Structures are given as C-alpha cells and as structure tokens.
Amino acid sequence: MSEQAPVVEHASPTDDALSHLEARFGDAIRRDEREGYDGLLVDPARLLDVARAVRDDLGYDYLSSATAVDYLDKGDHLEMVYHAYRTAGGPPLVFKAQTPRENAVLPSLCPVWPGADFQEREAWDLMGIRFEGHPNLKRILLWEGFAGHPLRKDWKEPYFEQENKPFDSRWPDGQVWRAEEHNPYGRNVQYPPGFTLEGYQPPAEEWFEEPIPGDMDVQRDLNSDRLIVSMGPQHPSTHGVFRMMVKLNGETIERLEPVMGYLHRNHEKIGERNTFIQNMPFTDRLDYLTSLSNNFGYAMGVEKLMALGARYSPPTRRAEAIRVLMAELTRLVSHFWSVGFLMNDLGAFFTPMMFAVEERELVLDFFEATTGSRMMCNYLRFGGVANDLPERLRSEASLINDRVRDFNTMEYLWEMIFERLPRAVDQFDEYLTTNEIVTNRCIGVGTLTREDAIAYSAAGPVLRASGVPYDVRRAEPYSIYPELEFDVAVRYHGDVYDRYLVRLDEMRQSLRILQQVYNILKATEGEPFFSGRGGMYSPRIPAGESYGRVENPKGELGYYVISDGGQNPWRYHVRAPSFINLTALERMCLGHKVADVVAILGSIDILLGEVDR
Amino acid sequence: MYGTGIWRGMWITLNHFVNTYVEDVKWGFKRHVPTEAFPSRQGMEQRGVFTVEYPDEKIAVPERFRFIPFLVVENYDHPDRPGHDWCTSCGICAKVCPPQCIWIVRGTDPETGRPKPEPEDFHIDIDICMNCGLCAEFCPFDAIKMDHDYELASYDRTGNHIFDKARLSKEFRYWQSIAPTVAEKEAEARGGWEHKDVLKARAKEAKSGS
C-alpha cells in the first residue's frame, strides 16, 4: 500500500511538448489546430524519433491508447492517434500521424512501446494501415478471408441499410421485415482477391507446419520433446472463446500467441452508426460484468465533448455520488468474480467460485431494482444518471410462484456496505490467501517486471501488482474521487499471487470509498440526479475529440470519441483493458509450465466481450 | 504448520454449509419454506447460499425491471375511450431505439389524409430488442413501458417473434399493477392518472367553462 504522489499541475502537455521538441524536430511536429482537437501532428517519417523523445525526454512512458481514424471526405487521410501518459500521473500527451488512405503506411511504434503490438494489429485489421517494422503484422480480430477493412467509412456491412441511425424505414411508415428476409446486398459475402477457401489454413495453425527440432532436450534426467498445442477456444480455462497457440518443450512454454476474435462484432462500427445515446446500452455489452463502469467511461467521454460547447452543466453532485457508488460496487463484484475464477483455474473447481459470487447476488439485486437490469444496466446518461435510487427495493408478484421482497434502499445499502461485503472480503481472505495449494501455485508464477508492465501498456491490477502505483482515479482524477479517501493498492512482485492480493486490497479500498459515498448519498437525498434538460434523446454534441477514461476493474478503460457536430459519433474507439493486457501474456508465460498458463491467464482476468469487441 | 491454511479454509466452507440450512430449520424443514420466509431467506440476514428453486419459486422482479416493451392502452372499461392507444405515433421511440427494432405506421385520417396522433400499426421484433428501456424512458406520453413477463420461450422463431400492435397492447391497469410506485410518480408528473392529452383537453374545457 502506498499513497500516490499528488499530481502536480503542469501547463498544457501540448505546449510543454512543443516547447521542448520544436528545436529538435522543427517542421516535423506542429500543433493540431482543428477545432476541438488537441495535441501534436507528427510527420510520419520522424514518428519513431518523436515517440522516443516523448518517452525518454518528456517522460510519457505509458502508451495508453493507439487507434486509427478515417477522415473520409474530411481531408481524406487516415490518422493514427496515440495517447501517452506519465506513470507519475497527469494529463496525456496526444500525438497523431497522418497517412493517405490509399497505401496507408506508418512506422510501427513497437520498438518504443511493445504495448502497441496488438493495437497496431487491430488498426491494420480494421482500418488497413500497414505498420513498417511491426514484428507480426497480421489480422487480429478478423480472419484472412475477410475482404476489406471494416472501420473505413466506405465499407458497408452485409445487412447495410443506411449510413446512420435512426433508419428512415422505421417511422412514419414502418414496413416491418426481418433482416434475413430483406438483405439489400444479397449474398454479398466477399473474399479478398486471390483468396480461396480450399486449402485455407489459419495463420495460427501454420505453426503446425513449422519444423520441430527432432533432437531431444535433456532436462536433468528427463527426455523432453517439442510439441505444439492449440489451447482453446472451447476450453473452460480460457474464460470464453479464446485460444492460445503454445509451443512446448516438454511441459515448458517456449512460445505463445493469443488468437482471438471469435466474439468479434465490430462494436466500433456499430457505435459509429448509432447516435450518441444509443451507444450507452452497447457499452454494457463490452465487459458484461462491469456494465456500470463501462457506462461511466463513455458518459465521461461524451461529457468532455459537451463541455466544449456553450451550454453545458456538469453532472450534479448526487449524480456523481451515485455513479461512484455504482462503479465501486461493480469493482467489488468484478473482483469477486475474478478471484473466484482464478481459483477455478487453479483446479478448485467452483466451490471458491460460488463462494465468491454469492455476495454478488445481493449487489445485482440492488442493480436490478435501481437500473432495471442485473447486468445490462444502461444506467448513466450524459449529465447524470437515468433514475434516482428508488426509495424501496420492492417488487410486485406478476407471474405464478412469484415471491415478493421489499427492502428500504438505504438500509439495504448500509447492510451491504458496512456489514455483508466487508465480512465477505475478510472471509474470502481467510479462506484462500494462506491456503498452501494457492500459495504454491501462485507465488513466483507469471512474473512481470515493473519495466515490462509499463512498456506493455498493462493496466489495472496487472500493472499495480508489478509495483506501479498507477490508478486513473488518482493519476487523472475524475468525478468525486479527489475528495474521497482511499489508497492505491500496489504490490511489488508482479506474480499471480500479487495480482490476487492487489484485487483483495482493492476490494477493501472500494469498501472504504463506498462507506464515504454512503454518507454523501445520505446528505444529497432528494437533490437532482440529472443536470440539464431531461428527455433529450438527441443532445447536441459539439465537434471535437475527447478521450474519457476510467479505472475499470480490469484496468484502464478509455473511450476515444470524435464528433463532427452531427447526431452520430464520427469515430468511437474503445481502449479495452483486457485486450491490451493480453499483449504481455507471452512475456509472463515464457519458461513456465503449461498448467501455469491457465493460472496466469486467470490472473490477467480477461473478458471476451471486451477483448473481441 | 503446513496445511493449516487448507484446514482454515475448510472450516469456513463447513460453516457455510451449515448456515445454508439454518433458515430451513427455523421454518420447520418444509421442502418449500412458506412465503413469509422468503424475504429473510433472500435478504441481508441469510448467511448461507441464496438458491431459489425456479420454477417452483421465483423472485418477483422489481418495479423498474425491463423486459420487452409493451404499449399502454386505455383501460377497457374506461368511460370515454376504452382501449384507446396512449401512443400518438410521434416516433421518438423508433428514433431512439439502439438496435432499431421498432417499426411504426403512423395513422392517417381517412377523410383529410392528414396524420393523426394514433399508430396504425406498431411492430417490435423481440429478437432484436436489447431491453435497454430507452423507448420507455424518452416517450413523452408514457405510452410505451417495459414489461415484466420474461417467460417468452417459444418453439417458432420465425413466426411469432415480431409482436404487432394487438400483441403489444396492454391495459393501463396492468402497468399500475406491475409498477405501482413508478406509475404513481409518472401520474404525478403528468398531473393526473389520465393520458396527457385527456388532461390537457379537460383543462382547456375547464378554462373555457369558467
């Protein structure tokens, strides 16, 4: 446990960077002067040098997000946007590089930040930017038989109806049809030129073709052989449909590559067709265990954009208190789930798991009564929340065999926050932390050093277990977190056991926060939970860009939203923590046994709804 | 001593196992403990597991629960306009719907050919509906509400998963019965239990009468 150093206020990072770098790079960098935009525009030829200078000279050592934007008809270029942070805290330095849409090429930043690996592969896959110098540039979420790059603005999906929602066919003369009966593009499945299904082999499976050294490796008195194994996708230890290609020497991992995309639905394309408010329920479905804090990040991203406009009132204090209450309850639920699942992965099949998710039941009951749904909460709005806390958590019997319950909300919350959840955390701690099987399996396994954790853009408990006290709630405070008292949980060994302990610590810190929030809720009872005008289904969002990020239980969740002043976001990108945390998976697994891979993956705590998006 | 951690954990599991049945013992070892026991078995006092034996017992869903929208129509015994739609076919729900699962045919007056505030037809594809509740939230007339009936399994996906107006329509009384406090709050905001338009017309009448 350590208190993080207070954030020192600097001048705008862009000014700061310009004044430091201008002399060295001259014309290669300039300020991004589009309205509502901020940051540096970097000449692609010098991008690698600038990135190195940003990391080494300016101290922005943590690359949070790297994503591409297609400016079709708005300059006709593709743009790569990088958000770099200091692990000491503070605002980001945003820098961008532009490349023409035809034959888009940019230098890869993998040599500077290995954490850019998957994000650049994603940009290549979805946007079609080729990265020179990338060690393994191939599609990551889609397969090789996919024609085109779907996030480009001129790409249309098979059931394409109209560029933007709302669709004109729905009202006033809605002729109802089911999508599969009415496909304007017909059978429009396309393959890239020269692609044949015959003899198609997924690149991950090309490993099987690779020559395996025939010689035996002698480890002490054991003769071991090399072997290639495809772990997953249908395997309970992968927490969903996720696959790892591993090359084993005996039982020791020599090489590992995550294969993903089985749950891919192009969330970001859907998001760009949607109006701003319509994206809110879709964010629930990213990391479906933490829907409320997903909402939080998106609401913040859009509110930052709204703040660029003239008439904008920030969320009220009660709204912020409710948001934090929900986010912290979500964190507890998610951590319970993840430590429970970790035990599952270690072989303690489902008893600790069930024990861990039991309290979740009560929290979800509260979510259900407040937001209307247990998991897909869709509760936050731009400027507040959808609804105040109900006076009572009550129900009416409407189906046969319905059993009715009725609790006072604040009493229920009090019992939960001050009695049940603390007891559950303590019990869980006592139950498993000193368990010899757990310690034997976890200590010293899957180590990630401090430097690697930062370089690989690891986030959340993975980063903090490696000794980096970086928590967005403290590093770039949002909402009412500055006035709340809590410590950033941090541990220093970077192994599976420390990630488990960090999660336990964080649950205790969350409880501390909740206990303070409870009093704020008491004090603000009856105050408005929404600022601005209600009933605005299509608020005006000024043109510009924004990056809203929150500390999700899985790590830093960021939303990069661009508005062109219209009803729909021009670009909507999700920086998914569990996706980016997987970049470091190979590093953590090398040299460990194959059974440990399962534990290491469990300790990263991925969620495939978010990884694949 | 090696192994104490395991035994300590086992002790917690054992406690938990015993606690699960404490409530059953208290209520006399019945296979299904009486209804009155349910809130305590499912509440803050429970120390054991929370298992509910669906479908022999179900947790009644809270008032704000959302599952598939329905259309509010006037009670069938309403003195002035029984069964009249509350919907005015303004189309806001169709515009705000994230997966675009609402199709509305706006009604027209057969004599003048002008649009009238009543839907000719109203379709919701419940396979597409994501139960987000935005339609109910932004409806200015409280005419579309989220239902509580989640038991909608059926054998035929293609035939009966597009709900039409007849299938969607439910009496206002039904909404009052599943969500009484919410309905009351909404009535307060409208200024009465009736539809907004009825209240407006009534106010106008009273004004011209006085």
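# Sheets, helices and the A–B contact

Colleague: Which residue stands opposite A84(A) in β5(A)?

Modeller: In β5(A), the residue standing opposite A84(A) is L93(A), and please keep in mind throughout that this is a predicted model.

Colleague: OK, how many bridges join β4(A) to β5(A), and do the strands run parallel or antiparallel?

Modeller: Eight bridges join strand β4 (residues 77-85) of chain A to strand β5 (residues 93-100) of chain A, and the two strands run antiparallel.

Colleague: And what's the strand order in the open sheet they belong to?

Modeller: The order is β1-β2-β5-β4-β3 in chain A, which makes five strands in an open sheet with mixed pairing. At the edges stand β1 (29-31) and β3 (62-71) of chain A, and because each has a single partner strand, one side of each is left without a neighbour in the sheet. From one strand to the next, the twist averages 25 degrees.

Colleague: Which helix packs on it, touching β1, β2, β4 and β5 of chain A?

Modeller: That is helix α2 (residues 47-56) of chain A, whose direction makes about 175 degrees with that of β5(A). There is also helix α3 (residues 116-127) of chain A, which lies across β3 and β4 of chain A and runs at about 10 degrees to β3(A).

Colleague: Switching topic, which strands form the open sheet with β13(A) in it?

Modeller: Three strands form that open sheet, in the order β10-β13-β14 of chain A, and the pairing is antiparallel. Here β10 (226-231) and β14 (252-259) of chain A are the edge strands, so each has one side without a neighbour in the sheet, having a single partner strand. The twist in this case averages 15 degrees from one strand to the next.

Colleague: How many bridges join β13(A) to β14(A)?

Modeller: Seven bridges join strand β13 (residues 243-249) of chain A to β14(A), with the strands running antiparallel, and M244(A) stands opposite P258(A) in β14(A). Helix α17 (residues 594-604) of chain A packs on this sheet and touches β13 and β14 of chain A, its direction making about 145 degrees with that of β13(A).

Colleague: Now the two chains: how many residues of A are in contact with how many of B?

Modeller: In chain A there are 55 residues in contact with 59 residues of chain B. The elements giving two or more residues to that side of chain A include α8 (351-371), α9 (409-432) and α10 (436-442) of chain A. Of these, α9(A) gives the most, with seven residues, and by class the side of chain A that touches chain B has 23 nonpolar, 16 polar and 16 charged residues.

Colleague: What about strands, which one in chain B is joined to β18(A)?

Modeller: It is strand β1 (residues 58-59) of chain B, joined to β18(A) by two bridges, with the strands running parallel. Within β1(B), K58(B) is the bridge partner of D402(A).

Conventions:
Residues are numbered from 1 along each chain as its sequence is written. Chains are lettered from A and ligands numbered from 1 in the order in which they are written. This is a predicted model: local features need pLDDT of at least 70, side-chain atom pairs count only at pLDDT 80 or more; totals for chains, interfaces and linings use all residues. Two residues are in contact if their C-beta atoms, placed from the backbone, lie within 7 Å. Helices (H or I, at least four residues) and strands (E, at least two) are DSSP runs, numbered from the N terminus. Ala, Val, Leu, Ile, Met, Phe, Trp, Tyr, Cys and Pro count as nonpolar, Asp, Glu, Lys and Arg as charged, and the others, Gly among them, as polar. Two strands pair if DSSP finds at least two bridges between them. Axes are lines fitted to C-alpha atoms, for helices over the stretch in contact, and angles run from 0 to 180 degrees between N-to-C directions.
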